[in-house]
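Here is a short report on helix packing and the ligand shell. Have the sequence and the model open while you read.

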Amino acid sequence: MVRQHVNPLSSIHQVPRPLPPPEGLFARAAQPLQLDIGAARGRFLLEMAQREPGSNFLGVEIRRPLVEAAERDRQAAGLENLHYLFCNANVSLEAWLQALPAGLLQRVTIQFPDPWFKTKHHKRRVLQLNLLQAIARALANGRELFVQSDVLAVIEPMVGLIEASGCFVRPLHDSRPWRHTNPLAVPTERERHVLAQGLPVYRVLYRRNDVDPPPLGEGERGADNPGSSLPPP
Ligand SMILES: C[S@@+](CC[C@H](N)C(=O)[O-])C[C@H]1O[C@@H](n2cnc3c(N)ncnc32)[C@H](O)[C@@H]1O
């Protein structure tokens with residue numbers, strides 16, 4: 001049985017995992033890379049990878065059984081531009097992103113992240129300041145960060161954090177405050193479910209600007225502030 005939610009702050013999820021060398025993940029490791037954080041069962045990336053063979057796709061997910069199932073699907077489909085990795089994005093991604101060759105990362109997506117509604121659980125939400133700064137350091141000028149959710153109370157603080165960083169702009173064509181349509185060709189599983197119920201989806205496509213985020217190690221992580229620096233709702 002796959003657990004519905006995993007507490008990313010539990011001790012078993014605090015161990016950083018190594019990033020395998022890109023040549024072990026993709027047949028053509030130099031291709032542009034798209035990263036999906038919280039890939040779940042991976043069907044979004046499975047379809048994206050088939051549609052865009054000239055890009056590589058990496059899905060990261062904290063629930064290991066989902067990663068294993070997604071990897072089985074990938075192998076059955078014979079896709080060599082797609083890989084799923086088990087990790088806690090808040091623990092492993094900072095180093096992984098730093099290790100990527102400059103300019104390789106084209107787009108990061110965070111789609112329908114777990115809401116963790118209770119205020120005392122907000123620090124379990126995936127988009128925290130340290131992760132955002134790591135994403136900003138890894139994305140070159142003009143590259144994309146796409147976020148979407150069906151929960152305003154989740155997307156609004158994400159948007160607040162992203163915009164407070166100063167490192168991202170909303171392209172002028174974006175309809176404010178939210179995009180009406182998904183700029184990507186494939187909806188996620190959660191997105192299909194929400195749209196089938198006729199419920200709204202809140203989306204923003206950001207583009208990286210030329211503002212430098214703080215260098216690694218100069219974020220706000222500390223004993224009293226474990227990287228959970230979302231502005232108050
Ligand atoms: C609500 S699901 C959405 C899945 C998919 N993006 C979609 O739109 O259908 C959120 C996913 O993020 C994963 N997740 C939550 N926290 C995470 C973390 N710290 N690191 C990696 N994955 C995480 C959850 O296990 C879950 O599969």
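Predicted model: local features only at pLDDT ≥ 70, side-chain atom pairs only at ≥ 80, totals over all residues.

Residues are numbered from 1 along each chain as its sequence is written.

H4 spans residues 89-99, and Ala89, Asn90, Ser92, Leu93, Glu94, Trp96 and Leu97 are its buried residues. Buried means that 20 or more other C-beta atoms, placed from the backbone, lie within 10 Å of the residue's own.

H5 packs on helix H6 (residues 152-165) at an angle of about 50°, and the axes are 11 Å apart. That makes H5 oblique to H6. The residues in contact (C-beta atoms within 7 Å) are listed here.

| Helix | Contact residues |
|---|---|
| H5 | Leu129, Leu132, Gln133, Ala136 |
| H6 | Leu161, Ile162, Ser165 |

By class, this contact of H5 with H6 has five nonpolar, two polar and no charged residues.

Which residues come nearest to the ligand? Of the 20 around it, they are Gly38, Ala40, Ala89, Thr188 and Arg190. Near means a C-beta atom within 6 Å. S2, H4 and helix H7 (189-196) each supply at least two residues of the shell. H7 gives the largest share, three residues. The shell divides into nine nonpolar, five polar and six charged residues.

How values were computed: Buried ≥ 20, exposed ≤ 12 C-beta atoms within 10 Å, placed from the backbone. Helix = DSSP H or I, 4+ residues; strand = E, 2+ residues; numbered from the N terminus. Axes fitted to C-alpha atoms, helices over the stretch in contact; angles between N-to-C directions. Parallel < 35°, antiparallel > 145°, perpendicular 65-115°, else oblique. Contact = placed C-beta atoms within 7 Å. Nonpolar A, V, L, I, M, F, W, Y, C, P; charged D, E, K, R; others polar.
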